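User: I'm new to this one and would like to get my bearings. Could you walk me through a few questions?

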Amino acid sequence: MSVENAEQIRLWNEVNAPRWIAMRRPLERALLPFGNAAVAGLAPQPGELALDVGCGFGETTVELARRCGAAIGVDVSQPVLEIARAEAPPSVSYLCVDAQTHPFEQRFDLVFSRFGIMFFEGPAAAFANLRRAMKPGGRFAAVVWGPAAENDWVQVPLRVMRRHLPIPPPSTGPGPFSLADPGAFSQLLSGAGFEEVSVRPLDLPFEADAELLLKSGPAAAVLREAGAAGEALRPKLEAEVRAEMPERLGAHAFVALARAQR
């Protein structure tokens, strides 16, 4: 495992894994349309081998294997991968490795990620490593979040929470919005050896209830930092978020498409 990503590895094993497992089904429903859009851009073909980066429980890995024949999912969260392995069909396998530094063989036709590549401590090194795992001309597709300020699923719970708890300034390090600048993201991919790079906006509804909004993203981090005081407030916060949720929660993301240099 990478020393650089040690803190993210700790978070996704010790802190985030129990929360992720508890909200797996509603979160999967919310994220499904975004992953489908990136898979459509990737256009998997029968006989290809896919690598799913930050695969989580493996729903996207299984879908890639269904379309192209075989897929390997990688993630740093051992508790989450244990569930993925228990459900894996024969065409799918998983590795608990850090995609930033793992020495992949150069054998993948496709590299894919649904909200799994925003947590690299060294994104330039990570994307170069992923490109080295791809056959010349291999295809890359990933979906990442746009700016937090443009996502209702982030802003609605934070607006409520500001009445009751201190809200820290946004983090500038690894996290859900670290690739929210499409220009910078494009440059990272080009610098890593990708060509035909495009980063396109993707605006879809985020299907979630108040409970999920408080358990995901920056809202979850605020409650975690607040400790017992935050947990005591949770029922009140849920009620207020529920009352203020619009009919449609907007979500702003980007789909990146590229090819490994031939």
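User: Which cysteine sulfur is closest to the sulfur of cysteine 68, and how far away is it?

Analyst: Keep in mind that this is a predicted model. A disulfide needs two cysteine sulfur atoms within 2.5 Å. The sulfur of cysteine 68 is too far from its closest cysteine sulfur for a bond: that one sits in cysteine 55, at 14 Å.

User: And what about cysteine 96, how far is its sulfur from the closest cysteine sulfur?

Analyst: Cysteine 55 holds the closest sulfur here. That's still too far for a bond, since the distance is 9.2 Å.

User: Is cysteine 68 buried or exposed?

Analyst: Buried means under 20% relative accessible area. Cysteine 68 has 2% relative accessibility, so it counts as buried.

User: Which residue in strand 3 is the bridge partner of valine 74?

Analyst: Strand 2 (residues 70–75) and strand 3 (residues 92–96) run parallel, joined by five bridges. Together with helix 4 (residues 78–87), these strands make a right-handed β-α-β unit. On strand 3, valine 74 has as its bridge partner leucine 95.

User: Is asparagine 16 buried or exposed?

Analyst: Asparagine 16 lies in helix 1 (residues 6–22). Leaving out residues up to four places away in sequence, asparagine 16 touches Leu11 and Arg224. Its relative accessible area is 8%, so asparagine 16 is buried.

Key:
Residues numbered from 1 in each chain as written. Predicted model: local features only at pLDDT ≥ 70, side-chain atom pairs only at ≥ 80, totals over all residues. Heavy atoms only, no water. Pairing = 2+ DSSP bridges. Helix = DSSP H or I, 4+ residues; strand = E, 2+ residues; numbered from the N terminus. Right-handed = clockwise from strand over helix to strand, strands pointing away. Buried < 20%, exposed > 50% of the residue type's maximum accessible area, 1.4 Å probe, protein only. Contact = heavy atoms within 4.5 Å.
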